[in-house]
Amino acid sequence: MQAVPSSRPLHSRGAPAPASHRVPTGSGAEDPALTSLPQSGSLSAPPSALAEFDAFAASLRGRTPALFLDYDGTLADIAPRPELAAMPDEARAVVRRLSALCPVAFVSGRDLDDLTAMVAVDGLVYAGSHGFDLRGPDLRRQVGVDYVPDLDAADRRLRDRLDGVAGALVERKRFAIAIHTRQVAQPEKPSVAEAVRAVADAQPRLRMTGGKELFELRPNLPWDKGRAVLALMEALGLEGSGTMPIYLGDDETDEDAFRALTARGEGGGIGIRVMEEPAATAATWSLRDPAEAAAFLGRLADWLAQG
Ligand SMILES: [Mg+2]
């Protein structure tokens, strides 16, 4: 294993740069990778990687999987506050078991230290702040260090503006600021959105994105979970044909990773979207919820252990 040199230009890898100032709409309709999806209006989820496990296993083509896992909504149920979204012990046990069978990395919007503490399995690779902050055995890389002062300024402005709004939670991460609105009363939500937008407009070096009941401000760099996964594969020596990267995630930020794997071409990787309702996705498989994701990983561990 070797660390990715932090001085390497961000633009040198093959994947196309994501659009700036992009706020996920949930439809993904403009994305060329999604245009081949059925447009009938009755979206159907991709096949279940658990119910059709044998077909899923065949799609590995005899290669060793490398697992890239989102945390919230993928292995831990979404909770009213981020610190309450604990991963069940059974899921932790299966992750630990898998880590002895194949490479395992977590890729999350959470702050790196927070993510590491929530997963609490030693020896894994962790990518926090949507992949801006990477750490693992023999690996350390931070993307966007120059943007910390911009985030500091935005953080102060957000706290000034949202101090009086009940339920609005401003969560500072090293390379992002999340504004959680799950606990904000419905009538107040538009004013929170407006405040976040105003702060974002005043910080042109940051970009605003959206998620499940949250807004986020991040460095306006061509970097996302997809770029982070490709960088990790290179850093961990997983780019060869003996490895099949598999990415599990549940929201729009994970679509960047599904698309990055799709862009590697036929057999370049497998996306699995965790979704209770059918949604437009670049993933080829689905799972219903975190409980089913843990069951799938358990099945995968059994299958790998059999050789
Ligand atoms: Mg998630």
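Which residues in H2 meet which residues in H8? The legend to View 2 answers this.

This is a predicted model, in which local features need pLDDT of at least 70 and side-chain atom pairs count only at pLDDT 80 or more, while totals for chains, interfaces and linings use all residues. Residues are numbered from 1 along each chain as its sequence is written.

**View 1. The whole protein, with eight helices and twelve strands.** Helices (H or I, at least four residues) and strands (E, at least two) are DSSP runs, numbered from the N terminus. Of the 307 residues, 42% count as buried, that is, with 20 or more other C-beta atoms within 10 Å of their own, C-beta atoms being placed from the backbone. Among contacts between residues at least 6 apart in sequence, 67% join residues at least 24 apart; a contact requires C-beta atoms, placed from the backbone, to lie within 7 Å.

**View 2. Helix H2 (residues 89-99) against H8.** The two axes come within 9 Å and cross at roughly 30 degrees (axes are lines fitted to C-alpha atoms, for helices over the stretch in contact, and angles run from 0 to 180 degrees between N-to-C directions). That makes H2 roughly parallel to H8, a term for angles under 35 degrees. The crossing of H2 and H8 is left-handed, meaning that the near helix is turned anticlockwise from the far one by less than a right angle. Glu90, Ala91, Val94, Val95, Arg97 and Leu98 in H2 meet Ala294, Leu297, Gly298, Leu300 and Ala301 in H8. By class, the contact of H2 with H8 has eight nonpolar, one polar and two charged residues (Ala, Val, Leu, Ile, Met, Phe, Trp, Tyr, Cys and Pro count as nonpolar, Asp, Glu, Lys and Arg as charged, and the others, Gly among them, as polar).

**View 3. Helix H4 (residues 148-162) packed with helix H5 (residues 189-201).** The axes of H4 and H5 are 10 Å apart, at an angle of about 150 degrees. H4 is therefore roughly antiparallel to H5, the term for angles over 145 degrees. Their crossing is right-handed, with the near helix turned clockwise. H4 contributes Ala154, Arg157, Leu158, Arg161 and Leu162 to the contact, and H5 contributes Val192, Ala195, Val196 and Val199. Seven of these residues are nonpolar, none polar and two charged.

**View 4. Arg288 in the loop between strand E12 (285-287) and helix H8 (290-305).** Arg288 has 17 other C-beta atoms within 10 Å and is partly exposed, a class between buried and exposed (12 or fewer). The C-alpha atoms of Arg288 and Arg273 are separated by 8.4 Å, with the two residues 15 apart along the chain.

Methods. Parallel < 35°, antiparallel > 145°, perpendicular 65-115°, else oblique.
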